[in-house]
Amino acid sequence: LGFNETGQVLYFKSGDKLDQMNFKTDTFSNNSSIHKPGEMEIPGLQPNDQVCFFSDSFALISSNRPGGLGGYDIYFTQKKQQGWTPFENIGIAINTPYDEVSPYLAYDGRTLLFSSNSTKSSGGFDIFLARFSDKDLSWEIPMNVGWPINSAGDDQHFVMNKNRLGGIFSSNRKSGVGGYDIYIAYFKNAWVPQSE
C-alpha cells in the first residue's frame, strides 16, 4: 500500500482470501534482529478497503461501507493526539453513485487522482483529476485525464513519480500482455502539483 514518510515502515494487506485481508505494517532496519510486524493502527478498516497515505497523519480510503453515496466512495481520516479520526466522506463533488477507487493525493495536497466507473468514464474505470480550491474550500469538478492514459479497459492506481515527470498506473487494456499490466506515463514538462 505504501511507506511512511521516512521509508522505514511498510503498509500492506495480507490474508488467505480477498474477503479476509488484514491491514499490516512492518518496520525496516539495518539490524536484522529488529523486526516489528503488526496491525495497522487505523480503526474501522474493512478487508476490501483501499488506503492511500498522503503523510503519516493523513490518509485517503476507498470503501463501499454503508452510508456512502453508492458503490465505493473516497473518505479521509487524520491522525490526532487521541488517534485516527472517524472516516469522513470527501463529498459529492468527487463521489458518485458509482465506484470511486484508488485515490492518490499529489505532493501539493490539493490535487487528487482517482479512478471511477461513472458515466463520465470512456471505458470501465477511468483516471480522473480534481483540484481543491482553497478559496472556496471545496473540490472542483473532476476532469477525465483522457487518452492515452485512459482506455476502453479499466485504468486504475495512478501514482506520480517524485521527479514530477511521470507516473505509473495499472490497466487491463486489450494491448496489454494479459490481465492487469503496469504502465508508465511520461510528461513533456514537470507536473507542478507534484511539487511539495
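**View 1. Asp155 and Arg173, a buried pair.** Both Asp155 and Arg173 are buried (under 20% relative accessible area; exposed is over 50%, partly exposed in between, with a 1.4 Å probe and protein chains only). Quick housekeeping: this is a predicted model, so local features need pLDDT of at least 70 and side-chain atom pairs count only at pLDDT 80 or more, while totals for chains, interfaces and linings use all residues. Residues are numbered from 1 along each chain as its sequence is written, and side-chain values use heavy atoms, with hydrogens and water left out. Back to the pair: the side chains of Asp155 and Arg173 form a salt bridge at 2.8 Å, N to O (the term asks for a side-chain nitrogen of Lys or Arg within 4 Å of a carboxyl oxygen of Asp or Glu). Asp155 sits in strand 15 and Arg173 in the loop between strand 16 and strand 17, so the contact ties together parts 18 residues apart in sequence. Strands here are DSSP runs of E, at least two residues, numbered from the N terminus.

**View 2. The open sheet 15-16-17.** Three strands line up in that order, with antiparallel pairing (two strands pair if DSSP finds at least two bridges between them). At the edges are strand 15 (155–160) and strand 17 (181–186), each pairing on one side only. On average, neighbouring strands of this sheet are turned by 25° against each other, direction ignored (axes are lines fitted to C-alpha atoms, and angles run from 0 to 180 degrees between N-to-C directions).

**View 3. Zooming in on strands 15 and 16.** Strand 15 runs antiparallel to strand 16 (residues 166–171), and four bridges join them.

**View 4. Arg65 meets Asp49.** In this salt bridge, the closest N and O atoms are 2.7 Å apart. The pair links distant parts of the chain, 16 residues apart: Arg65 is in the loop between strand 6 (58–63) and strand 7 (73–80), and Asp49 in the loop between strand 4 and strand 5 (50–55). Arg65 counts as buried at 16% relative accessibility, and Asp49 is buried too, at 1%.

**View 5. Glu39 meets Lys24.** Here the side chains form a salt bridge at 2.9 Å, N to O. Glu39 belongs to strand 4 (residues 38–39) and Lys24 to strand 3 (residues 22–27), so parts 15 residues apart in sequence are tied together. Lys24 is partly exposed, with 23% relative accessibility. A search of the whole structure turns up five salt bridges.
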